Amino acid sequence: MCATAQVFPVLLTGRLLQAVATGISTPLMYHLVMSLIPQRKLGTYMGIAAMIISLAPALGPTYGGTMAAFWSWRGVFIVAVPLLLLTAWIGEKNIFLEADGTQEKFDWIGLVLLSLTFFCLSTAFANGGNYGFKSSRFAWMLAAFSGGVLLLIGHFHFSSRQILNFKLLLNPLICLRWLNFFILQFINIGISFVIPIFVENYLHSSAFVAGLILLPGALLGAAISPYAGRLFDKHGAFIPLLISSICIVAGTGMFFTLTPILTTLSTTLIYLFLRGGFNFGFSNSMSDASTQVLPQQKADVNSLFNTFQQYAGSFGTSVLSAVISAQQIKKDASLAILTAKGSHFDYSILLILALVSLATVLAAKHLTTKTDKSKTPYI
């Protein structure tokens, strides 16, 4: 549909169908890992799964830039078709898992409320980018988001059906891992959007070069992810998550402090460092959360984390693009300078989030240490 689209609504419809497919396949992949892999190897195989999830979005700009430079934007979709047919055939031949079944009815009301709430928040920031953050359109959509949150809270409190098991977040450790998981994906997808815009508009590089800048970091992250999972299997979550947070704080800090003097090479090297940190922590956050629940609750952890993982990427793009757009509509300087200002502000947002990520890791360590001490018999 996308490859043959002649008008924007058809292209958008095709993209929505792709989003539905991703929403099905991503949690299903994690469910297969959690169901079929023994606990002692969970980190390693979750790392392999996260390698796929994190590699694909990062390679997107490289792939898209290459297609746009040497062929056409339609080539992005045309090349994907035979690959999709191949993976469908391989999956049909090799994936077998019996369904446990459930008597619970699906929470359609919760689905609608959650979707509208997500939509209002993303649209609010899109309006902020287009019309300014002081505009009434931004304020009204933000108010609609707040109303949606209240309706969701009321629905989950009074209804016996729940689309997501938010009660899991009452466990402090799961809540901290969930927050860290969300932040990591926000930073990962968000900065993958900001860097190509910055490189094209401020450093005046081509679309091909702007996309290619992300490739070394994506490949390094993919290589690190299984190793980070193995580290989790051997030593637990704290060491890989601490490495992750320190690298991301350092990476976003360098982007923030060096914005005016960044070059193509320095941007590539800093992103390389940041992506390594991301892959040390991404899969291990969910792996550790899944060990805190009963086996029958692992699917709930999977659904909760993956729902917000999907939204973190789109929300990160919405927020960071809105900040750059809000600067560019001022038109009181050149496009390059305005893009640099917007990018600088984006990097400050990402640095703050990276510090929050570090705080969640340290808080979780304090929590687990305190719990272990309470279990120590008095001598």
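Cys247 counts as buried because its relative accessibility is 14%, where buried means under 20% relative accessible area, exposed over 50% and partly exposed in between (1.4 Å probe, protein chains only). Cys175, at 28% relative accessibility, is therefore partly exposed. The structure holds zero disulfides, a disulfide being a pair of cysteine sulfur atoms within 2.5 Å.

This is a predicted model, in which local features need pLDDT of at least 70 and side-chain atom pairs count only at pLDDT 80 or more, while totals for chains, interfaces and linings use all residues. Residues are numbered from 1 along each chain as its sequence is written, and side-chain values use heavy atoms, without hydrogens and water.

- Beyond its neighbours within four places in sequence, Phe305 is in contact (heavy atoms within 4.5 Å) with residues including Trp178, Phe181 and Met286.

**Packing of H4 and H11**
- The axes of helix H4 (residues 108-131) and helix H11 (residues 298-328) come within 6 Å and cross at roughly 20°.
- H4 is therefore roughly parallel to H11, as angles under 35 degrees count as such.
- Among the residues that meet are Phe118 and Phe125 in H4, and Tyr311 and Phe315 in H11.
- The residues of this contact divide into 10 nonpolar, six polar and no charged.

How values were computed
Axes are lines fitted to C-alpha atoms, for helices over the stretch in contact, and angles run from 0 to 180 degrees between N-to-C directions. Helices (H or I, at least four residues) and strands (E, at least two) are DSSP runs, numbered from the N terminus. Angles under 35 degrees count as roughly parallel, over 145 as roughly antiparallel, 65 to 115 as roughly perpendicular and the rest as oblique. Ala, Val, Leu, Ile, Met, Phe, Trp, Tyr, Cys and Pro count as nonpolar, Asp, Glu, Lys and Arg as charged, and the others, Gly among them, as polar.
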